[in-house]
Amino acid sequence: MALLALLSTLLALSAVRAEDPYLFFTWNVTYGTIAPLGVPQQAILINGHFFYFPSLGMHRAAGGFGGLRINSRLLIPVPFDDPADDYTVLIGDWYTKSHKVLAGILDAGRSIGNPAGVLMNGLSGKDATGKDDPPLFTMEAGKTYRYRICNVGLKLSLNFRIQGHLMKLVEMDGSHTVQNDYESLDVHVGQCLSVLVTANQEPKDYYMVASTRFTKYMRTATGVARYAGSKVPPSPELPAGPVGWAWSFNQWRSFRWNLTASAARPNPQGSYHYGSINITRTIKLASSVGLVNGKRRFGLNGVSHVDSPTPLKLAEYYGISGKVFKYDSIGDEPPASGASITVAPNVLNATYRDYIEIILENPERSIQCYHLDGYSFFAAG
């Protein structure tokens, strides 16, 4: 019996060591009043702050966003040394109209218009008297820090830069990149980047700047990064942002996936040479906007998605999907230009292990951002 107990204990210890540790968080979700641009409005708060990042509905317009860091497991090496600290920078446009008012505007057939401003970690950078908000981050001279920058806004692309400092891009949306230095970076809605910043300048305060892109107007937010012990305010002259779409396009073309970093990524076709893999299917998705029963709606290939009363996977599990939604309500090619928009659950069938080329086409005058969720997508062009 003693031997059996000892073996049981050893097996239990082995099982514990074989598993990654669990982390537990308590999130208290409340509805509170905030005024980041001086206009009091209700917002979603978690533990008293903005905290999560919804991609459906109007939750984001009510302050539903925040950062949750996921690091590589210790046995998986990353292609840079551990930073002195890890900072999250959430930038995004902000509307002082409530989410209900914005939804009502869309339902009335109109556009939600231009945002009232830009926020950085929920702040504009200045208080009501024009004084800088307290520093967001502190750096020690000579050390290198990781900044995770995410655009959590509703509509606008933003450019991010740090006064007097270069940013070394090391990661984009969970994938390590070939490392290049940039003075500023365009960050589109829903996109996250990681950069390394070395505190190698004169010890004082420096502005971080987020400003709008591809607009006829300018909205800007600032935040202060302080060198430890500094009592010198930042220079009032903000670094200028880039102009025009060609600059952004050329910057995007400079980004490269680092295929030698971290762990191997074998795909079902067993090759890293994507250009030599036979494409099984091509799906072209074209965005459009129009009125449906007087309400302003956006569609892909003529269908504007709406959630079904029964969740899609639940309907599949119980074999009632045919009563809840239709597969392939859109084709692999978009309809003719000007076709009307239908509101329905938009679900495409795909065959397991097919190698699918997806072409995203936007004929509209405004930028469209796509959130490709739950699988590994690689931008080819």
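The legends below accompany several close-up views of a predicted model.

View 1. The chain contains five helices and 18 strands, and buried residues make up 34% of its 381 residues. Among contacts in the chain with a separation of 6 or more, 66% are between residues 24 or more positions apart. The accessible surface comes to about 23,000 Å², and carbon and sulfur atoms account for 56% of that surface.

**View 2. The largest nonpolar core and the surroundings of methionine 139.** The largest nonpolar core of the chain has 30 residues, and the residues with the most contacts inside this core are Ile91, Met139, Tyr147 and Phe160. Leaving aside residues up to four places away in sequence, methionine 139 touches Tyr87, Tyr145, Tyr147, His165, Val197, Ala199, Ala225, Arg226, Tyr227 and Ala228. In soluble globular proteins, nonpolar side chains tend to be buried together.

**View 3. Aspartate 93 and its polar contacts.** Aspartate 93 lies in strand S3, which spans residues 86-94. Because its relative accessibility is 5%, and buried means under 20%, aspartate 93 counts as buried. The side chain of aspartate 93 reaches the backbone nitrogen of lysine 155 at 2.9 Å, and it also reaches the backbone nitrogen of leucine 156 at 2.7 Å. When residues up to four places away in sequence are not counted, the residues that aspartate 93 touches are Pro115, Gly117, Val118, Gly153, Leu154, Lys155, Leu156 and Leu158.

**View 4. Strand S11 and the strands that pair with it.** Strand S11 covers residues 192-198, and five of its seven residues are buried, so this strand is largely enclosed by the rest of the structure. Strand S6, made up of residues 144-151, pairs with S11 in the antiparallel sense over seven bridges, and in S11 the residue that stands opposite arginine 146 is leucine 196. Strand S8, made up of residues 167-172, also runs antiparallel to S11 and is joined to it by four bridges; here the bridge partner of methionine 172 is leucine 193 of S11.

How values were computed
Residues are numbered from 1 along each chain as its sequence is written. This is a predicted model: local features need pLDDT of at least 70, side-chain atom pairs count only at pLDDT 80 or more; totals for chains, interfaces and linings use all residues. Side-chain values use heavy atoms; hydrogens and water are left out. Helices (H or I, at least four residues) and strands (E, at least two) are DSSP runs, numbered from the N terminus. Buried means under 20% relative accessible area, exposed over 50%, partly exposed in between (1.4 Å probe, protein chains only). Contact means heavy atoms within 4.5 Å. Accessible areas come from the Shrake-Rupley method with a 1.4 Å probe; for residues, only the protein chains shown count as cover. A nonpolar core is a set of buried Ala, Val, Leu, Ile, Met, Phe, Trp, Tyr and Cys residues joined through side-chain atoms within 4.5 Å. A polar contact is a pair of N or O atoms within 3.5 Å; within protein, one must be able to donate a hydrogen and the other to accept it, and residues adjacent in sequence count only if both atoms are side-chain atoms. Two strands pair if DSSP finds at least two bridges between them.
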